[in-house]
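Hi everyone, thanks for coming. Please have a look at the sequence and the structure on the screen, and then I'll walk you through a few parts.

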Amino acid sequence: LFWGKNEAWLKCVDMKGDGDVTSSGEIWSYPLTRHVVSTPAITDDGLIFIADVGRTVHCVDRASGKSLWTHATQGDFWASPFVADGKVFIGNRKGEFFIFRASREKELLSFFQFKQPISATACAANGVLYIGTMTDLYAVAL
């Protein structure tokens with residue numbers, strides 16, 4: 001990821017070259033809505049999920065760098081997307097929590113509204129999804 005004050009890009013770079021391959025090794029570049037705090041999640045079947053401070057979730061094709069779908073929200077994303085069990089879990093600073101199908105077509109499976117902002121990345125263990133807001137930790141049986 002590369003970002004400036006109001007711009008950011010998700011880039012694929014071939015690291016096999018000599019020296020600084022930032023430009024010479026670039027395979028593709030995907031512009032994001034605004035700068036990014038989170039890290040991308042990449043699936044085995046070639047999907048990249050990333051969310052930005054521009055209040056947008058992006059699904060990008062790993063091979064081509066082309067947008068497959070986006071989803072506009074009401075809040076900035078500081079948390080990273082978490083992919084597990086064929087789903088993408090992510091929350092934002094407005095307390096919105098989204099569960100998408102991890103697929104090339106956008107499918108919103110569930111939406112929850114929490115009372116507090118979400119800055120932390122969701123995680124799962126032993127069949128339980130953990131969602132941390134600024135004040136509370138929720139454990140949801142999957």
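I'll talk about a hairpin, a nonpolar core and an open sheet. Please keep in mind that this is a predicted model.

Let's start with the hairpin. Strand β6, residues 56-61, pairs with strand β7, residues 67-72, in the antiparallel sense, and there are five bridges between them. Which residue in β7 is the bridge partner of valine 57? That is histidine 71. Five residues lie between the two strands of this hairpin, and glycine 65 takes a positive phi near 80° there.

In soluble globular proteins, nonpolar side chains tend to be buried together. Here, the largest nonpolar core has 12 residues, among them Val57, Trp69, Phe77 and Ile90. At least two core residues come from each of β5 (47-51), β6, β9 (87-91) and β10 (96-101). β5 gives the largest share, three residues.

Stay with isoleucine 90 for a moment. If we leave aside its neighbours within four places in sequence, isoleucine 90 is in contact with several residues, including Ala51, Val57, Phe77 and Phe98.

Last, the open sheet. Three strands run in the order β12-β13-β14, with antiparallel pairing. β12 pairs with β13, residues 128-132, over three bridges, and alanine 125 stands opposite valine 128.

How values were computed. Residues are numbered from 1 along each chain as its sequence is written. This is a predicted model: local features need pLDDT of at least 70, side-chain atom pairs count only at pLDDT 80 or more; totals for chains, interfaces and linings use all residues. Side-chain values use heavy atoms; hydrogens and water are left out. Two strands pair if DSSP finds at least two bridges between them. Helices (H or I, at least four residues) and strands (E, at least two) are DSSP runs, numbered from the N terminus. A nonpolar core is a set of buried Ala, Val, Leu, Ile, Met, Phe, Trp, Tyr and Cys residues joined through side-chain atoms within 4.5 Å. Buried means under 20% relative accessible area, exposed over 50%, partly exposed in between (1.4 Å probe, protein chains only). Contact means heavy atoms within 4.5 Å.
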